[in-house]
Amino acid sequence: MRAVTGSTRRALVVADLPFGSYQESPEQCFATSARFMKEAGAHAVKLEGGTEMVPQIEKLAVGGIPVMAHIGFTPQAEHQLGGYRVQGRGDAAQELLATVRAVEAAGAFAVVLEMVPGQAAAAITETLSIPTIGIGAGADCDAQVLVWQDMAGLRGGRMPRFVKQHADLRSTLLDAARAYASDVESGAFPAAEHTFSAAPGTVTSQRVGDRLRIVDERLDAIAGRRVQHGPVVPVAAVVVEPCGGGGSRLRGAGVHAPTLGRRTR
């Protein structure tokens, strides 16, 4: 959060309150939000939930902390909702409308509508006096938002129906990493144009190799192993792929540990 607030000049920075940091009580919610404002420089906070979050929204509004509500599908309650499901269909649309009226009355300055039928989102937007921000809620909301990794194509696999990928950064980055690993393994990189020259009589590659072999032998002695020296193996690249849940994983292709030879026990 500090990195974001420190690099913005005109954008409104809204801190998305983490799961478990505000649901317990209005007091817990206020304490968490105040830290985001004072320590991280956030301009406002966002919390997920419907009418059950009205006391928290009221506490923040009275305390001078701008708060954005988030209703419809709420990712932090994914398991309670039974997975990624559209909210507010049929008779549930009226309940959704009552919920947004409640959070507006409690003091929310805006509301995110996620995975809500377009007709319901349009009716809500027309009813409220505060802005609506849609994500999978049709074209009639006052504003739109997407997770930037989805928008830029950084994630692979199945995308939600409402996502439009405006680029394919995942393929671009993977291709670049594979090309880099291939160049290192083949010896094409670094080439002469990527290498600094030294004054005559300073450090030669043979002296560097001798020093590295001494270090390698000492490490093997500590580990109780012998080393059979061979050619220096270049270090290739580690390819990091994003995966579900916001984490990442390493691809095995092109990943090598630096070594001076083939080790034997």
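Reply: Because Asp175 and Arg178 are three residues apart in helix H8 (residues 169-186), about one helical turn separates them. The two residues form a salt bridge, in which the closest N and O atoms are 3.8 Å apart. Asp175 has a relative accessibility of 48% and therefore counts as partly exposed. Arg178 is likewise partly exposed, its relative accessible area being 39%. In general, side chains of opposite charge can pair when their charged atoms come close.

This pair is one of four salt bridges in the predicted structure. Another joins the side chains of Arg35 and Glu39, with an N to O distance of 3.0 Å. Both of these residues belong to helix H2, where they are four residues apart, about one turn of the helix. Arg35 counts as exposed because its relative accessibility is 52%, and the cut-off for that class is over 50%. Glu39, with a relative accessible area of 38%, is partly exposed.

A further salt bridge links Asp150 with Arg155, and here the closest N and O atoms lie 2.7 Å apart. Asp150 has a relative accessibility of 7% and so counts as buried, the limit for that class being under 20%. Arg155 is partly exposed at a relative accessible area of 29%.

The axes of helix H2 (residues 26-40) and helix H3 (residues 54-62) come within 8 Å and cross at roughly 45°. This angle makes H2 oblique to H3, and the crossing is right-handed. On the H2 side the contact consists of Pro26, Glu27, Cys29, Phe30 and Ser33, while H3 supplies Pro55, Gln56, Lys59 and Leu60. Sorted by class, the contact of H2 with H3 comprises five nonpolar, two polar and two charged residues.

Helix H3 also packs against H5, at an angle of about 25° and with the axes 8 Å apart. H3 is therefore roughly parallel to H5, since angles under 35 degrees fall in that class. The crossing of H3 and H5 is right-handed. In this contact Val54, Ile57, Glu58 and Ala61 of H3 meet Ala102, Val103 and Ala106 of H5. The contact of H3 with H5 contains six nonpolar residues, no polar residues and one charged residue.

From H5 the description passes to H6. The axes of helix H5 (residues 92-106) and helix H6 (residues 118-127) come within 10 Å, crossing at roughly 30°. That angle makes H5 roughly parallel to H6, and H5 passes H6 in a right-handed crossing. H5 contributes Ala93, Leu96, Leu97, Val100 and Arg101 to the contact, and H6 contributes Ala120, Ile124 and Thr127. By class, the contact of H5 with H6 has six nonpolar residues, one polar residue and one charged residue.

Definitions and conventions
Residues are numbered from 1 along each chain as its sequence is written. This is a predicted model: local features need pLDDT of at least 70, side-chain atom pairs count only at pLDDT 80 or more; totals for chains, interfaces and linings use all residues. Side-chain values use heavy atoms; hydrogens and water are left out. Axes are lines fitted to C-alpha atoms, for helices over the stretch in contact, and angles run from 0 to 180 degrees between N-to-C directions. Helices (H or I, at least four residues) and strands (E, at least two) are DSSP runs, numbered from the N terminus. Angles under 35 degrees count as roughly parallel, over 145 as roughly antiparallel, 65 to 115 as roughly perpendicular and the rest as oblique. A crossing is left-handed if the near helix is turned anticlockwise from the far one by less than a right angle, and right-handed if clockwise. Contact means heavy atoms within 4.5 Å. Ala, Val, Leu, Ile, Met, Phe, Trp, Tyr, Cys and Pro count as nonpolar, Asp, Glu, Lys and Arg as charged, and the others, Gly among them, as polar. Buried means under 20% relative accessible area, exposed over 50%, partly exposed in between (1.4 Å probe, protein chains only).
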